[in-house]
Amino acid sequence: MKKKQRSPIHAYKRLLANDHDWDYAYLIALEKKKLQRMRECIKEEHHLANNEFVVRDIGICIRLIDIFMENDAVYSTWLDRSYSGTRLRFRKLEDGNYELVDDDRKPLADLPVYVNVRNERRYFRSTPIKDALSENRRDWPIHLKISLRKQKALHLYHLIREYKLFDWWD
């Protein structure tokens with residue numbers, strides 16, 4: 001007996017419950033969900049000639065979405081190593097604002113993956129990482145590497161979609 005298939009609306013129920021028309025993260029979450037469903041469908045159906053390549057490309061796109069949305073294991077590991085156990089303290093200024101007291105803050109952990117920074121000018125239109133490293137500023141290059149990693153993932157995601165999107169259905 002054939003398994004009864006659920007309505008596609010059921011798969012998006014949780015996402016649609018938190019609909020935000022002003023939020024780009026919501027749009028990306030919808031794209032990711034659709035790519036996940038398409039990958040599973042193509043993996044099960046085997047009706048495409050280049051099935052394994054399409055499944056691979058869609059899987060890469062899903063992982064790239066996780067990278068540029070800071071939802072991957074590498075970013076979570078870095079965040080945990082850098083900020084876990086750190087108690088944030090604030091000091092009240094004369095103008096009524098607050099500033100972070102980071103006298104006893106531990107240094108940021110290095111990013112646990114290699115990010116090629118030699119082509120940073122392609123994404124930043126300048127060389128902020130190289131400049132920060134030459135000034136011996138330790139934390140700023142780490143944040144910039146995270147930003148560069150996200151920019152590269154976003155660029156690659158759109159590049160794959162530009163070149164492969166129509167080929168996925170042939």
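This is a predicted model: local features need pLDDT of at least 70, side-chain atom pairs count only at pLDDT 80 or more; totals for chains, interfaces and linings use all residues.
**Entry 1: H1 and H2**

I began with helix H1, residues 8-17, and helix H2, residues 24-45. I noted that two packed helices are described by the angle between their axes and the distance between the axes. For H1 and H2 I recorded an angle of about 155° and axes 11 Å apart. Angles over 145 degrees count as roughly antiparallel, and H1 and H2 are therefore roughly antiparallel to each other.

From H1 I listed Pro8, Ala11, Tyr12, Leu15 and Leu16. On the H2 side I listed Tyr26, Ala29, Leu30, Lys33, Lys34 and Arg37. Sorted by class, the residues of the contact of H1 with H2 are 8 nonpolar, no polar and 3 charged.

**Entry 2: H2 and H3**

Next I turned to H2 and H3, which pack at an angle of about 155° with their axes 9 Å apart. That angle makes H2 roughly antiparallel to H3. I recorded the crossing of H2 and H3 as left-handed.

The H2 residues in this contact include Ile28, Leu35, Met38 and Ile42, and also the charged residues Lys32, Arg39 and Lys43. Among the H3 residues I found Val54, Val55, Ile58, Ile62, Ile65 and Phe68. The contact of H2 with H3 comprises 11 nonpolar, 3 polar and 4 charged residues.

**Entry 3: H4 and H7**

I then examined helix H4, residues 73-83, together with H7. Their axes come within 12 Å and cross at roughly 165°. H4 and H7 are therefore roughly antiparallel to each other. Their crossing is left-handed.

Val74, Tyr75, Trp78 and Tyr83 are the H4 residues that I listed for this contact. H7 contributes Ile142, His143, Ile146 and Arg149. By class I recorded 6 nonpolar, 1 polar and 1 charged residues for the contact of H4 with H7.

**Entry 4: An aromatic pair**

I followed up the pair of phenylalanine 68 and tyrosine 157, whose ring centres are 5.6 Å apart. The planes of these rings stand at 55°, so the pair is tilted. Phenylalanine 68 belongs to helix H3, residues 51-68, and tyrosine 157 to helix H7, residues 139-164. The pair links distant parts of the chain, with its two residues 89 residues apart. I also noted that Phe68 is one of the H3 residues in the contact with H2.

**Entry 5: The hairpin**

Finally I turned to strand S1, residues 89-92, and strand S2, residues 98-101. The two strands run antiparallel and are joined by 4 bridges. I wrote down two facing positions. Arginine 89 stands opposite valine 101 in S2, and phenylalanine 90 stands opposite leucine 100 in S2. S1 and S2 form a hairpin, with 5 residues between the strands. In the turn I noted glycine 96, which has a positive phi of about 95°.

Methods. Residues are numbered from 1 along each chain as its sequence is written. Side-chain values use heavy atoms; hydrogens and water are left out. Axes are lines fitted to C-alpha atoms, for helices over the stretch in contact, and angles run from 0 to 180 degrees between N-to-C directions. Angles under 35 degrees count as roughly parallel, over 145 as roughly antiparallel, 65 to 115 as roughly perpendicular and the rest as oblique. Contact means heavy atoms within 4.5 Å. Two strands pair if DSSP finds at least two bridges between them. Rings of Phe, Tyr and Trp (its six-membered ring) pair if their centres lie within 6.5 Å; planes under 30 degrees apart count as stacked, over 60 as edge-to-face and the rest as tilted. A crossing is left-handed if the near helix is turned anticlockwise from the far one by less than a right angle, and right-handed if clockwise.
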